[in-house]
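Please look through the sequence and the model shown here before reading on. The notes are meant for someone meeting this structure for the first time.

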Amino acid sequence: MAVVRKSFDLKNYIEKSTHAVNDALDFFLPNENVKPTTIHKAMRYSLFAGGKRMRPALVLAAAEACGGSWKPAMPLACAVECIHTYSLIHDDLPAMDNDDYRRGKLTNHKVFGEGIAVLAGDALLTQAFEIAAQCKSWPRYSHQKIILEIAQASGSLQLIAGQVADLEGEGKKTSEAQLKYIHERKTSALLCCSVRLGGMSANCTAAQLKALTDFGYNVGLAFQVIDDILDVTQTSEQLGKTAGKDTAAQKATYPSIVGLPKSRKIAEQLTNKAFAALKVFKGKAQALEGLAEYLLKRDK
Ligand code: GRG
């Protein structure tokens with residue numbers, strides 16, 4: 001396991017990036033007293049409910065690793081957080097996972113009703129593209145490439161495909177290979193897209209983009225394995241959402257297929273692969289390294 005340099009203050013990094021992302025999201029989103037007020041309240045309710053902001057942090061850290069800075073990466077960091085939040089709102093709906101709590105608060109449909117929750121998710125997805133379209137074009141990455149990147153990661157071949165397979169797999173016997181298919185799409189695709197977008201905002205080279213893709217893919221898979229583990233090892237209070245949902249819904253997870261010890265080993269192996277991908281950045285990827293280790297060791 002790679003050890004993050006002691007000199008790198010990850011806690012401070014996450015605090016600063018979360019603060020900067022929150023300010024930017026507040027700037028990009030219509031104020032809650034803009035008509036129709038209900039939808040803007042609902043969008044902001046879930047967006048500012050206290051998520052970990054890991055995807056935007058990965059965008060910003062990837063930009064830094066490629067010699068870039070936060071400012072040009074920020075619209076892309078906000079766009080991925082809007083897409084992530086939309087997916088959580090819809091995932092919590094009675095037609096999907098039917099959850100009452102998320103991010104330590106009542107879910108969107110519990111507060112605003114199902115109709116508004118569907119629309120708040122739709123609006124956040126659309127908002128993501130409106131925000132992303134405000135980024136600048138880079139010599140290697142046009143607006144078209146950036147928008148395509150986001151659309152592909154969130155479309156019917158990736159994020160939605162993962163959710164479809166997840167829904168259709170409930171109560172059925174699932175192999176480890178099928179589970180990996182779900183995790184790659186449902187979770188890893190957006191995390192991988194996040195680091196790629198960060199690299200693009202720094203006009204990264206093809207070799208850097210390849211390294212970020214390897215890093216993001218493996219961190220994304222490790223993230224979902226850990227999510228599966230936390231679902232069975234943590235309480236609802238600790239997670240801010242209902243614990244034990246996967247078992248109750250007879251969902252295939254790493255712990256249910258290979259057991260807890262092997263699941264932990266798999267998450268560690270994936271994180272090590274992610275660390276290995278960072279070699280090309282020659283010491284500039286401290287934040288990415290720190291975030292990968294944090295995601296492996298997280299308890300919520
Ligand atoms: C289109 C109707 C419709 C629904 C889309 C795509 C989708 C619904 C749902 C998939 C979303 C999902 C639940 C993916 C799993 C990824 C995951 C572990 C999310 C939790 O991420 P964290 O821990 O959450 O980063 P916070 O709240 O900290 O941001």
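What follows is a short briefing, grouped by topic.

The model is predicted, and the values below should be read with that in mind. The briefing begins with the ligand and the residues around the ligand, goes on to salt bridges and a surface patch, and ends with some points of backbone geometry.

**The ligand and its shell**

- There are 20 residues around the ligand, and those that come nearest are K52, R55, H84, M96 and R103.
- In the side chain of K52, an N or O atom is 2.6 Å from an oxygen atom of the ligand, while for R103 the corresponding distance from a side-chain N or O atom to a ligand oxygen is 2.7 Å.
- H84 also takes part, with a polar side-chain atom that lies 2.7 Å from an oxygen atom of the ligand.
- On its own the ligand has 760 Å² of accessible area, and the protein covers 87% of that area.
- Four helices, namely α4 (70-91), α8 (159-169), α9 (176-200) and α10 (206-233), each supply at least two residues of the shell around the ligand, and α4 gives the most, with six residues.
- By residue type, the shell around the ligand divides into six nonpolar, seven polar and seven charged residues.

**Salt bridges**

- Side chains of opposite charge can pair when their charged atoms come close.
- In this model the count comes to 17 salt bridges, and the pairs described below are among them.
- E15 forms a salt bridge with K11, in which the closest N and O atoms are 3.2 Å apart.
- Because E15 and K11 are four residues apart in helix α1 (residues 10-28), they are separated by about one helical turn.
- E15 counts as partly exposed, at 46% relative accessibility, whereas K11 is exposed, with a relative accessible area of 63%.
- R102 and D91 form another salt bridge, with their closest N and O atoms 3.6 Å apart.
- That pair links distant parts of the chain, since R102 is in strand β1 (residues 101-102) and D91 is in helix α4, eleven residues apart.
- Both R102 and D91 are buried.
- The side chains of D97 and K251 meet in a salt bridge with an N to O distance of 3.2 Å.
- Here too the pair links distant parts of the chain: D97 is in the loop between α4 and β1, and K251 is in the loop between α12 (245-248) and α13 (254-258), 154 residues apart.
- Both D97 and K251 are buried, and salt bridges that share partners join D97, D166, K186 and K251 into one network.

**A nonpolar surface patch**

- Y101, L106 and V111 make a nonpolar surface patch of about 250 Å².
- One of these residues, V111, lies in helix α5 (residues 108-112).

**Backbone geometry**

- Most residues other than glycine have a negative phi, and most peptide bonds are trans.
- The peptide bond that joins K35 and P36 is cis, with omega at about -5 degrees, and P36 lies in the loop between α1 and α2 (37-47).
- Q250, a residue other than glycine, has a positive phi near 50 degrees; Q250 is found in the loop between α12 and α13 and is exposed, with a relative accessible area of 57%.
- K282, again a residue other than glycine, has a positive phi near 45 degrees; K282 lies in the loop between α14 (260-277) and α15 (286-297) and counts as exposed, at 74% relative accessibility.

**A pair of residues separated along the chain**

- S175 has its place in the loop between α8 and α9, and S175 is partly exposed, with a relative accessible area of 34%.
- Although S175 and I257 are 82 residues apart along the chain, their C-alpha atoms are separated by 7.6 Å.

Methods. Residues are numbered from 1 along each chain as its sequence is written. This is a predicted model: local features need pLDDT of at least 70, side-chain atom pairs count only at pLDDT 80 or more; totals for chains, interfaces and linings use all residues. Side-chain values use heavy atoms; hydrogens and water are left out. A residue is near a molecule or strand if one of its heavy atoms lies within 4 Å of it. A polar contact is a pair of N or O atoms within 3.5 Å; within protein, one must be able to donate a hydrogen and the other to accept it, and residues adjacent in sequence count only if both atoms are side-chain atoms. Accessible areas come from the Shrake-Rupley method with a 1.4 Å probe; for residues, only the protein chains shown count as cover. Ala, Val, Leu, Ile, Met, Phe, Trp, Tyr, Cys and Pro count as nonpolar, Asp, Glu, Lys and Arg as charged, and the others, Gly among them, as polar. Patches are made of residues with over 30% relative accessible area and no salt bridge: like charges are joined within 9 Å, nonpolar side chains (Val, Leu, Ile, Met, Phe, Trp, Tyr) within 5 Å. A salt bridge is a side-chain nitrogen of Lys or Arg within 4 Å of a carboxyl oxygen of Asp or Glu. Buried means under 20% relative accessible area, exposed over 50%, partly exposed in between (1.4 Å probe, protein chains only).
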